[in-house]
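Here are my notes on the model you sent. Please read them with the structure open.

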Amino acid sequence: MTQPVFDKSPAGPAEDLPQSVDEKDARQPPTDSGTFSTRVPSPSPAPDPAAATHPAAYPAHTTAELSKVSPVRTEDTDSTPGAGARDDASGGEPTRDTQPETPGEPTAVILPATADAAAPPSAADGSGEAPASPTGAYADVHADTNHGTMIGQFFEAVERLSGAPLPPQWVDRELADYVSVKNEEELARRLRDDRVVVLFADHFGSGRSTTALRLLTTLPSQPRTLRRIRRELGDAFSAEGIRGHKRTGWILDLRDPDDGIPATCDFGLELRHTADLDADDSHLVVLISTRLWHQIGHGAGHLARTPTPPAQTTLFAALLQSAGIEHAKDFAADHRLTEQLANLRPGQVKEHAQTLIRAERHYRNATGRGTDPGSPGFEAVVAAAANATSGWMDVLATWHSHPQRTSYDRNYLLLTAVYGGEPIDSVHTKIASLSQAFDEKEPAGARPKGQQGPGLIQLARQIEADPLPDGRLRFPGPGFAEAVVRYFWRDRPELITPFTRWTAKLCLDLGKEQGTQLAERMIPWALHDLQASRSTKLLRQVADDRAQEDALAPHAHDLIVAAILDPQTAQLVKNAADRWTGQPDTSAPLLRTLAHVFQTLTPAQPARMLRRLGTLASSQKPGVADAVGDALNTLFSSEKLRPQVRQTLDSWFTDQALQHAAASAFVHLAAQRDPAGLPVLLHTSDAEAAPWVVRGWRTTLEAEKPSPAAHHACAVWLDAATTRPDTTERILSTLIRSVHGVTSHDLRGQRYLNLVRMAERWLIRDDTTRHHDREHIHTMLMHRTKQADPHHSQHDREDASTGD
């Protein structure tokens, strides 16, 4: 590999980095996926390397840093300065013959850290860790943090998904590097006059999101409350859904490449009905793809515009200056860089700027030298940035194709990338284990004895890395470790499965701290592959391998949640998860992980995630029903979420298409006990059970036959009736009403038969305690249920008249 030569002078002082473009994207507040017409829910996640002179390398890259660099992609987030993949600023009336939009390139998913998140260590200490952002403490959800910290970050993201107010500090950080779009004045005037503006573009990275924040935060009579919402695929839209929120700036996010709204919903006409916005002194900005707008925007063409971005070189220079790069204008004027910028969208320009910023900082920290124009440092930074933005593809292809390259060399390169440059104990043994995992027949994984074969320094130099005294490696530049792994995935797709299984086993072998770092290091790499390929195959493989082990299952959960929170891949992954729940080859551990995923996302998408939990509850695979029960119990125990859970389930009881899922979810709630041992759905007073609870039991009893979960829930209730006499009347009354408490005779016999089945199984189970009391409760229930049958008296009269 041919790289710029960096002198090994002492590292200079650490300098703060600006927020990465990946951070800017991932900190976009995810949005509500429920129907927009409902109320906003309460906020509740080439030369022979061995012989060649070794090029000086950058400081070692840690997980936190590498996860923020996407070497094979260009940035496509809309949360970037500028806007617009198109220069046409006229909205016009949409037509129906627009070609489908091309999915955008991948981007990282990085969520905001908790307010007290610790800043990463300075690069000056030799760790290679990226310094903290000067505009606020942010942590990558894939960084070296413990699981509790990651869950806190997910919770904050899901809170914003639920339509909760956007924190002003978050908005300020999003706009810190904003560069005005050329037609900002026109967009602002449109929003003021019409209260609605539609920002459409072909791709992510066109600046719609940041432009929306800018427009809403510069309206007259600030401040306003900003809320962002996203709806689920296929949901309709009604302006009534935003009624009642005074002085609110709404952002409706429809940018997902897989997003869609029914063409019959009159979306364009709804946008013109602004009476509710007028009454509340509120405004609405819609972010949408060109393809979808041309399908559903009829009648509202005058509201739509494409943000027109600033010139690429202007934006590039502004971003470098904002980061404090000393020679920003000189870098922006360099022909090698301007040629790369010519056809890029704003998000891609920002990605290039952030890559160069890292390269410049790393060079200074590694050498202590400056980057004045014309100096070796200037040339080295430009070259390293070019390699990083291309994903190191040419460099890695040249290295792998060397005629003397061996499997041992390739496995060592892959191993060091997996470790992220961290020290590796028993390196030759681990290379051998990787060789064995790949079922390599040749003894390439066997290390010669004594001083035969390459030593660690030679091995490091062969992969163009610099071994440090503490055992770590400096890679050639930003994003190198991820580029190595992604090159392997693309170059050897048949080895992906054994590789992911090997990394899962390695995580367990390394112990908690190192294993956690390795597991989290893989998350952004898998996400980048998902964004680039638009295929969930690798995502499922990595998640499934980690779900098999209790210690790694939280990382499987984090991977899937992060993929669903990413606005580019949200619908793609949700659709995939729906398929996985119904496929017979899906493993029980992965299904249990999905139950946890759906629980995490329920505050933002209550109806859809509860439906998925209900579907999952019918699984007969080990532990899945229990995982669903735990998820539902956790959700129902939340005072904020309990009304949503109750309202959602109650609405399903009368929807024939959802009754099975409703019954599955309900019986898991019905089986939950409070600390006193009573069913949590039973009122603590002497009043009758809530009507929705009766409807839940009725729906459960109308199944063809009771499920195991239904038998268990009924046993919990009858046990309580036996051991707590003060609850007996309420419990029996609830079950009897669930059979007879409707005027219609449809399915009355089915309900009665299933109640008899559940009561009989409860009575004859292997439990000799209180047998006499149980018989008494059983007899009482059967007798009173028969007596409550409205046909019972008529049957008695008919029997008497016939002498029976």
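1. A term first: accessible area here comes from the Shrake-Rupley method with a 1.4 Å probe. This is a predicted model. On that basis the protein exposes about 30800 Å². Carbon and sulfur atoms supply 50% of that area.

2. Overall make-up. The protein has 804 residues, and 59% of them count as buried. The fold holds 35 helices and seven strands.

3. The main core. The largest nonpolar core has 132 residues. Within this core, Phe-499 and Trp-697 touch the most other members. Helix α31 gives the most to the core, with nine residues.

4. Around Phe-499. Which residues is Phe-499 in contact with, leaving aside its neighbours within four places in sequence? They are Leu-414, Val-418, Leu-434, Phe-438, Val-485, Phe-488, Trp-489 and Met-522.

5. The largest pocket. About 830 Å³ of space lies in it. Its lining counts 35 residues. Closest to the pocket centre are His-660, Ala-663, Ser-664, Val-667 and Ser-707. By type, the lining divides into twelve nonpolar, 15 polar and eight charged residues.

6. Which helix supplies the largest share of that lining? Helix α29 does, with six residues. Four helices each supply at least two lining residues: α27 (624-636), α29 (659-670), α30 (691-701) and α31 (708-723).

7. Helix α28. This helix spans residues 642-652. Its buried residues are Gln-644, Val-645, Thr-648, Leu-649, Asp-650 and Trp-652. An α-helix has 3.6 residues a turn, so residues three or four places apart point the same way. The pair Val-645 and Leu-649, both buried, can be checked against that on screen. What covers the buried residues of α28? The cover includes α26 (606-616), α27, α29 and α30.

8. Gly-582. Is this residue buried or exposed? Gly-582 is exposed, because its relative accessible area is 62% and the cut-off for exposed is over 50%. Gly-582 belongs to helix α24, residues 570-582. Its C-alpha atom is separated by 8.5 Å from that of Thr-615. Along the chain, Gly-582 and Thr-615 are 33 residues apart.

How values were computed. Residues numbered from 1 in each chain as written. Predicted model: local features only at pLDDT ≥ 70, side-chain atom pairs only at ≥ 80, totals over all residues. Heavy atoms only, no water. 1 Å grid on protein atoms, 1.4 Å probe; cavity = no way out; pocket = protein on both sides within 12 Å on 5 of 7 lines; lining within 4 Å. Points joined across faces, edges and corners; volume = space filled by probe spheres on them. Nonpolar A, V, L, I, M, F, W, Y, C, P; charged D, E, K, R; others polar. Buried < 20%, exposed > 50% of the residue type's maximum accessible area, 1.4 Å probe, protein only. Core = buried A, V, L, I, M, F, W, Y, C linked by side-chain atoms within 4.5 Å. Contact = heavy atoms within 4.5 Å.
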